[in-house]
Amino acid sequence: MSPRPGFVLEVDRSTPPTLFWHGEGFRLERLPVGSRVIYGPEPLPALKDPDAAIRHALENPLGDSAPLRTLLSAGMKLTIAFDDISLPLPPMQAPDIRQRVIEAVLDLAAEAGVDDVVLIAALALHRRMTDDELRHALGERIFNAFAPHGLLTQHDAEDPSNLIHLGQTDHGEDVELNKRAVESDLLIYVNINLVAMDGGHKSVATGLASYKSLRHHHNVQTMLNSRSFMDRHHSELHHSNWRMGKLIADSGVKVFQIETTLNSDTFPEQFRFLQRREWEWNLRDRAGFLASSKALERTPPELARRIFQSIKSPHQMTSVQAGEVGPVHDRTLEHVHQQQLVHVEGQTDILTMGLPYICPYNVNSIMNPILVACLGLGYFFNLYEGKPLVREGGVVIMSHPTPWAFNPVHHPSYVDFFEQVLAETTDMAEIESKYEEAFATDPWYIHLYRTSYAYHGVHPFYMWYWCAHALSHVGKVIVVGGDRAAVRRLGFSPASTLSDALEMAEDVVGRDPSITHLHSPPLMITNVV
Amino acid sequence: MKALVFERHIARFAASRVAATIGGSGHGVGVGPLELLETDPPELPGEGWVRVQPRLAGICGSDLATLDGRSSRYFEHIVSFPFVPGHEVVGDVTGGIYDGKRVVVEPVLGCEARGLAPPCEACSNGDKGRCERIAFGELAPGLQTGYCSDTGGGWSGGLVAHESQLHSVPEHLSDEAAVMIEPTACAVHAACSSAVVASGQRVVVLGAGTLGLCTIAALRTHALPGALVAVAKHPDQRRLARELGADHVVAPGEVVRAARRLTGSLALAGSGGSVERITGGVDVVFDCVGSADSLESSLSVVRPGGEIVLVGMPGPIKVDLAPLWQREVRLRGAYAYGTEQTPTGPRRTFDLAAELVHDCNLGRLVSAHYPLERYEEAIAHAAAAGKRGSVKIVFDMRRRPRAGRAPSTQTQDKEMP
């Protein structure tokens with residue numbers, strides 16, 4: 001039976017309660033009659049033989065690229081960059097897609113006699129990956145072959161000796177990238193496309209860039225003009241990356257792009273109920289929900305966090321394409337849309353969303369309040385093409401415990417951003433002009449980014465900017481079940497229950513509002529007509 | 001007349017200390033050596049002394065420390081018992097050159113008040129706070145009015161003061177504003193005499209009670225800090241600190257991180273991004289609390305070679321001074337007032353304070369008035385002022401136009417009938 005497409009349910013009296021993610025837990029909420037619930041398409045079938053598909057893609061590249069085999073030769077300098085810990089979510093069950101692709105590339109390189117090969121985790125300003133995380137992403141064989149010899153590296157955006165300034169785009173944007181990658185005879189980028197924002201020229205231009213380069217598109221203005229950044233043709237974030245991509249190509253950097261897509265089979269068997277439509281829950285789903293919920297109620301938050309962070313996703317590869325960046329990414333987006341696109345008629349007054357325990361920046365870590373805001377207003381709000389799901393001046397209601405808690409190793413500058421910057425103001429422009437540079441150049445944050453496992457000092461700013469479009473668009477943001485002080489610090493309104501939140505929302509949007517719930521998992525992208 | 005009298009009573013002193021230790025500051029009053037008594041007004045000690053009938057008298061942190069039994073034994077020889085507390089006083093004068101005038105009392109009992117001539121070097125320089133003879137002369141020992149058995153104090157129906165202690169209150173200042181002049185003078189003295197807050201230096205003010213808030217205002221007016229971080233526990237304190245000129249307001253647990261970020265220091269920590277100690281720090285810390293915790297905080301945020309100014313009255317405390325030694329930090333007290341050097345020449349601290357009170361509307365810090373009869377409640381309120389959204393609590397000895405209300409020009413003041 002082929003997977004069913006996305007679906008918009010209109011809630012009636014017989015509709016069972018709707019599942020909301022709530023951090024490391026769930027809530028079953030009864031939405032008012034007439035509300036809409038948007039369900040993403042069911043998981044697409046996986047490629048039957050992913051390794052064969054990878055080999056086929058490498059031999060049959062898209063665009064004007066020659067087959068990879070012909071681009072490899074003895075004596076050449078080869079660099080393979082790959083997406084970091086932020087993808088996919090949750091981390092996938094072994095073997096990771098990066099392992100499969102890079103093993104195939106290395107087989108070809110070995111056949112061609114290439115012996116100068118370096119791997120680079122394309123961190124941009126993300127935290128470094130631990131050895132265990134690298135082992136999981138690349139597999140033991142690759143890790144053991146490269147890491148002991150210093151050939152498995154992680155991009156360091158603060159290492160002046162390994163950065164090179166390629167020039168400026170016709171918009172005056174600096175392009176400063178990893179020197180090893182740029183000076184290689186061939187740069188292969190291995191990508192995982194979980195959402196439409198990923199991939200394309202963004203892979204190299206962002207993943208291997210410095211702060212000097214990133215600040216040109218990771219800023220408030222760009223975010224306000226990216227509507228949305230899940231729609232690259234209407235995203236200033238992508239326009240900027242594409243201009244940088246052109247400059248990179250014009251500078252003579254040869255990039256061979258390998259992109260992959262995943263199906264939305266996101267959670268293992270014991271959490272299968274998360275992906276099923278509630279009225280289709282069978283006895284096993286109900287039992288799974290009840291068992292999980294009851295167990296979580298008695299589990300200390302830290303333990304619950306560890307349990308959830310240990311989940312490995314069963315999602316499978318649905319496509320792989322390789323070659324020239326542009327054509328490869330266009331094909332990738334077709335696959336992403338096939339899995340995620342849902343057509344929705346009309347906007348809504350109130351958009352509700354349950355936020356999970358994980359986002360790209362808290363893998364094996366804590367979802368701190370800034371990341372909660374970013375996941376809801378940065379990612380979920382922007383999962384649209386055309387028009388936002390919620391109307392201008394509408395209300396977003398997010399469900400998440402939003403603990404006033406931070407991982408000090410991963411997010412040291414987040415703590416200060418939350419305690420010191422958001423305590424003063426939540427205004428994007430003021431924050432950007434008054435505080436960004438000091439955080440970005442703070443020597444301690446730089447030290448921790450380079451030597452520990454810390455996100456760069458400027459990273460919380462980017463997470464806050466990610467919310468810029470949403471915050472300029474909606475009239476109010478309400479968080480259900482969150483730590484009240486933390487929610488207020490974000491500038492949002494706390495509510496104890498969904499019905500309280502809906503009542504509060506009516507003060508903004510009026511009586512009898514239209515309500516739409518973005519059901520996740522799975523991830524989806526809405527096309528609002 | 002009625003007066004709150006503090007007797008030398010060792011057993012009750014110990015009882016108040018125990019009660020305050022168990023129940024918190026202000027809880028020892030009922031069992032302590034303070035009593036409301038009907039007494040005779042104090043005798044005029046000699047020529048130049050006049051009677052002052054208090055209108056308002058503030059409750060200060062040092063008063064609370066005394067009532068809690070937490071004050072240092074250092075003071076044993078420079079106070080005399082029994083005394084009537086109250087050194088933040090606005091009142092009306094009978095006799096002498098200030099007859100019929102509304103005045104504030106500059107409470108330090110220096111050489112002139114004590115009839116000592118020639119005065120000590122400090123007094124002759126106008127630095128009365130540093131007087132070397134506060135236990136000598138025609139008066140019983142007592143560093144200030146409010147700690148001397150001969151003068152009485154503000155928590156009463158009447159005290160005596162030497163004319164050299166008096167300052168006329170300008171008509172445009174309310175009683176509430178006037179009673180704020182003495183604590184403000186302490187803050188002005190700390191800000192001016194430090195002489196270290198050069199333009200652009202980074203400063204932390206620890207504590208946002210009366211003294212902390214007035215210090216923020218004084219620094220903004222009389223110094224040119226490049227950045228001023230205030231440490232405040234409670235929401236109203238945070239708001240006031242910001243209004244009075246703090247650039248950043250942080251909670252006590254956040255100050256080390258704030259100082260690190262402000263100064264671009266590195267951090268020494270157990271693991272990753274936690275911050276236990278920082279390598280640099282701010283140039284000057286004004287400790288307006290005076291506790292072991294606040295001094296430890298001060299030491300953890302001041303830079304090597306920087307300065308800590310103790311503005312709040314400390315008692316016997318235990319603090320690890322290793323960082324003071326290794327980082328060559330200067331620790332300095334800032335007590336009372338006298339004469340300050342200003343760009344326009346020497347000025348009396350009280351005059352500068354009166355101007356600051358007016359300019360910054362510091363009278364609004366007076367949060368509640370109590371009659372003497374309700375002193376236990378008043379002191380409990382003062383001890384929990386921050387938590388209760390209050391700052392300065394005062395005793396109100398004014399004749400009231402009608403029962404239960406005191407005249408006030410401060411609309412935000414709360415009456416405690």
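I take helices (H or I, at least four residues) and strands (E, at least two) as DSSP runs, numbered from the N terminus. Axes are lines fitted to C-alpha atoms, for helices over the stretch in contact, and angles run from 0 to 180 degrees between N-to-C directions.

This is a predicted model, where local features need pLDDT of at least 70 and side-chain atom pairs count only at pLDDT 80 or more, while totals for chains, interfaces and linings use all residues. Residues are numbered from 1 along each chain as its sequence is written, and chains are lettered from A and ligands numbered from 1 in the order in which they are written.

**Entry: α8 and α9, chain B**

I looked up helix α8 (residues 255-263) and helix α9 (residues 292-301) of chain B; their axes come within 9 Å and cross at roughly 20°. α8(B) and α9(B) are therefore roughly parallel to each other. Angles under 35 degrees count as roughly parallel, over 145 as roughly antiparallel, 65 to 115 as roughly perpendicular and the rest as oblique. α8(B) gives Val255(B), Val256(B) and Ala259(B) to the contact, and α9(B) gives Ser297(B), Ser300(B) and Val301(B). Contact means that the C-beta atoms of two residues, placed from the backbone, lie within 7 Å.

The contact takes 15 residues from chain B and 16 residues from chain A. On the side of chain B that touches chain A, β10 (248-250) and α8 of chain B are the elements that give two or more residues. The largest share, 4 residues, comes from α8(B). By class, I read 4 nonpolar, 7 polar and 4 charged residues on that side of chain B.

**Entry: a sheet in chain A**

I traced an open sheet of 6 strands in the order β7-β6-β5-β10-β11-β12 (chain A), with mixed pairing. Two strands pair if DSSP finds at least two bridges between them. Which strands stand at the edges? β7 (152-154) and β12 (317-323) of chain A do, each with a single partner strand, so one side of each is left without a neighbour in the sheet. The twist averages 20° from one strand to the next. Strands β10 (residues 186-190) and β11 (residues 255-262) of chain A run parallel, joined by 4 bridges. Val190(A) is opposite Ile258(A) in β11(A).

Next I checked the helices on the sheet. Helix α1 (residues 50-59) of chain A lies across β11 and β12 of chain A, at about 20° to β12(A). Helix α3 (residues 97-112) of chain A touches β5 (77-83), β6 (116-122), β10, β11 and β12 of chain A, and its direction makes about 170° with that of β5(A). The axes of α1(A) and α3(A) come within 10 Å and cross at roughly 50°. α1(A) and α3(A) are therefore oblique to each other.

**Entry: β19, chain B**

Is strand β19 (residues 392-396) of chain B enclosed or open? 5 of its 5 residues are buried, so β19(B) is largely enclosed by the rest of the structure. Buried means 20 or more other C-beta atoms within 10 Å of a residue's own; exposed means 12 or fewer, and partly exposed is in between, with C-beta atoms placed from the backbone. Lys392(B), Val394(B) and Asp396(B) point one way, and Ile393(B) and Phe395(B) the other way. β19(B) pairs with strand β3 (residues 49-58) of chain B in the antiparallel sense over 3 bridges. β19(B) also pairs with strand β18 (residues 366-370) of chain B, in the parallel sense over 4 bridges.

Most residues other than glycine have a negative phi, and most peptide bonds are trans. I noted a cis peptide bond between Leu87(A) and Pro88(A), with omega about -15°. The bond from Ala94(A) to Pro95(A) is also cis, with omega near 0°. Pro88(A) is in the loop between β5 and α3 of chain A, and Pro95(A) lies in the loop between β5 and α3 of chain A. Ala124(A) has a positive phi, near 50°. Ala124(A) is buried, with 23 other C-beta atoms within 10 Å.

Conventions. Nonpolar A, V, L, I, M, F, W, Y, C, P; charged D, E, K, R; others polar.
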